[in-house]
Amino acid sequence: MEFNTTTTDAPRIRTGCLVAGVFEGRDATPAYQALDAASGGKLDAIARKSRFRGDAGKHLQVHALDGVTADSVLIVGCGPKKEAMTAARYLKIAGAAARATAGTGARSAAWSLGEIDVADRDMEWKSRVAVERLGDAAYHFDAMRSDPGKDRTPPPGRTSIAAPRRHREAAAAGIATGQAIAAGVSLARDLGNLPGNVCTPSHLADQARALAARHGKVTFKALDEARMKRLGMGSLLSVARGSRQPPRLIVLEYRGAPRSHAPIVLVGKGVTFDSGGISIKPSATMDEMKFDMCGAASVIGAMESCATLELPLNVVALAPACENLPDGNASKPGDIVTTMAGRTVEVLNTDAEGRLILCDALTYAERYKPDVVIDVATLTGACVIALGAHASGLFSNHQPLADALLAAGEHAGDRAWQMPLWDEYAEQLKSNFADVANIGGREAGAVTAASFLAKFASGQRWAHLDVAGTAWRSGKEKGATGRPVGLLCQYLLDRTRAADRTPAPAA
Ligand code: BES
Ligand code: MN
Ligand code: ZN
């Protein structure tokens with residue numbers, strides 16, 4: 001999809017589908033007003049007769065309006081004009097407008113929703129949101145179909161973002177940022193949606209290698225089983241034991257700043273299929289456990305965006321990748337493994353495997369002397385119960401980092417919500433036989449999982465995002481969402497702005 005900016009007045013924009021907003025009670029926006037006037041009152045008359053009221057997210061497409069150059073106008077309800085337009089409402093409207101636009105079949109589109117004032121947001125943000133949501137709406141996964149593209153409406157190939165002359169540069173900047181983020185989101189969705197028999201640990205590694213080949217500032221390596229053994233990653237290796245697929249620890253390093261700048265290390269859970277292992281899961285929705293590598297996909301996706309934007313930061317993405325399957329060699333409940341940190345873990349449930357691979361990756365992360373470490377994992381069903389699909393669970397041992405991630409999620413429309421990490425919860429992880437157990441009982445499952453990870457991140461400024469409820473959708477719309485690539489990218493962007501203000505430390 002291509003994007004450009006336009007300063008042409010709405011009635012004279014030459015396009016297949018012109019998107020214009022209207023508030024509740026058909027209270028006009030400037031574009032709606034101009035289009036209605038140009039059509040001699042036709043637009044509003046049609047909207048009225050169609051009983052279009054302007055409820056947030058509702059839409060109506062009107063074709064061949066006299067006096068209007070565009071082939072069609074897609075009017076999009078914006079909700080009440082009197083109440084403040086929050087970023088959250090704007091995101092909902094933009095998402096609905098993007099989906100409607102993608103569904104029209106128009107070959108080109110123009111987007112005038114950037115004229116709507118949004119509390120605390122500028123033109124750059126609004127144009128970026130348009131690009132991201134259009135990218136999301138146009139996304140289709142048909143890599144595994146024999147007839148890709150059949151029976152679906154192609155999205156518009158080009159979209160013009162309307163902006164007044166004084167905001168044209170901001171709109172263009174928003175387009176560039178939005179396209180880079182959309183590319184990362186789309187990559188994360190593709191990796192997530194691929195089935196477990198294709199998206200194996202080695203496939204994930206191949207995709208990461210390909211990413212590095214596309215970007216000059218990114219280098220790739222992958223640790224194999226032998227290397228993991230030498231490093232003492234007994235915990236990661238114990239999860240991979242039951243599978244024929246060899247595990248990998250994928251490493252992507254992005255160098256956008258001098259070597260002296262401590263990197264931001266992102267760690268993503270890459271369980272390419274989680275059957276539960278010997279503590280096997282019920283079969284009903286087990287297919288969805290191909291999404292158990294969405295954490296890894298999101299850190300790889302964020303790397304794609306970061307490298308495309310050439311951010312002035314150093315960023316490392318680590319993705320421990322393996323399958324969790326039962327076989328004669330699989331680890332068993334009661335087995336005790338030794339982590340790279342030297343701590344022993346009693347594996348009371350082989351289905352609590354995410355933490356077993358992440359703990360060794362967190363220890364490995366220490367060698368980068370990171371500024372901060374952020375792990376992303378589809379870690380617990382308990383987090384889905386706690387927060388549903390609306391927010392990722394956030395845990396941190398460093399409040400400024402937690403605050404920065406919460407703010408980034410809020411800004412990007414990819415929210416997180418902080419949960420506690422009090423010592424009391426860690427009590428639940430006591431083992432009669434080893435230093436720690438890998439499960440903490442039924443209560444507060446998302447918190448005890450995070451508490452387990454916290455033990456392996458104690459010397460670091462660390463945060464954990466449990467994305468079990470946000471990384472994919474179930475049911476009819478089943479598929480990877482690409483979350484939290486938006487949050488991660490926003491955090492990285494915010495860090496570059498902070499760096500602009502703080503002079504680099506003297507060498
Ligand atoms: N990958 C799952 C978490 C998960 C489950 C995400 C369902 C989304 C939907 C994880 O490895 C897991 O199995 N966790 C267990 C932990 C339990 C055994 C303590 C869970 O949440 O049931
Ligand atoms: Mn599991
Ligand atoms: Zn899992």
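Predicted model: local features only at pLDDT ≥ 70, side-chain atom pairs only at ≥ 80, totals over all residues.
**Overall fold**

The chain contains 15 helices and 21 strands. Its radius of gyration is 24 Å, close to the 23 Å given by the globule rule for 507 residues, so the chain is as compact as a globular protein of that length. The C-alpha trace spans about 80 × 60 × 45 Å along its principal axes. Of the 507 residues, 56% count as buried. When contacts between residues at least 6 apart in sequence are taken, 77% of them join residues at least 24 apart.

The accessible surface of the chain is about 21,300 Å², and carbon and sulfur atoms account for 49% of that area. The chain carries 59 positive and 54 negative charges, whose mean positions are 4 Å apart.

Strand 19 covers residues 462-466 and is mostly covered, with 5 of its 5 residues buried. Trp462, His464 and Asp466 point one way from the strand, while Ala463 and Leu465 point the other way. Both of these groups are buried.

Strand 19 pairs with strand 15 (residues 372-377) in the parallel sense, over 5 bridges. In this part of the model, valine 376 has leucine 465 of strand 19 as its bridge partner. Strand 19 is also joined to strand 16 (residues 392-396), here by 4 bridges and in the antiparallel sense. Phenylalanine 395 has histidine 464 of strand 19 as its bridge partner. Leucine 465 and histidine 464 belong to the two groups of side chains that point opposite ways from strand 19.

**Backbone exceptions**

The peptide bond from arginine 483 to proline 484 is cis, with omega near 0°. Proline 484 is found in the loop between strand 21 (479-480) and helix 15 (485-501).

Positive phi values occur at arginine 26 and at alanine 444, neither of which is a glycine. The table gives their values and places.

| Residue | Phi | Loop between | Relative accessibility |
|---|---|---|---|
| Arginine 26 | about 55° | strand 2 (17-23) and strand 3 (27-28) | 21% |

Buried means under 20% relative accessible area and exposed means over 50%. Arginine 26, at 21% relative accessibility, therefore counts as partly exposed.

Conventions. Residues numbered from 1 in each chain as written. Chains lettered and ligands numbered in written order. Heavy atoms only, no water. Rg over C-alpha atoms; globule rule 2.2 N^0.38 Å. Buried < 20%, exposed > 50% of the residue type's maximum accessible area, 1.4 Å probe, protein only. Contact = heavy atoms within 4.5 Å. Areas by Shrake-Rupley, 256 points an atom, 1.4 Å probe, with all protein chains shown as cover. Lys, Arg positive; Asp, Glu negative; His and termini not counted. Charge placed at Lys NZ, Arg CZ, Asp CG, Glu CD. Pairing = 2+ DSSP bridges.
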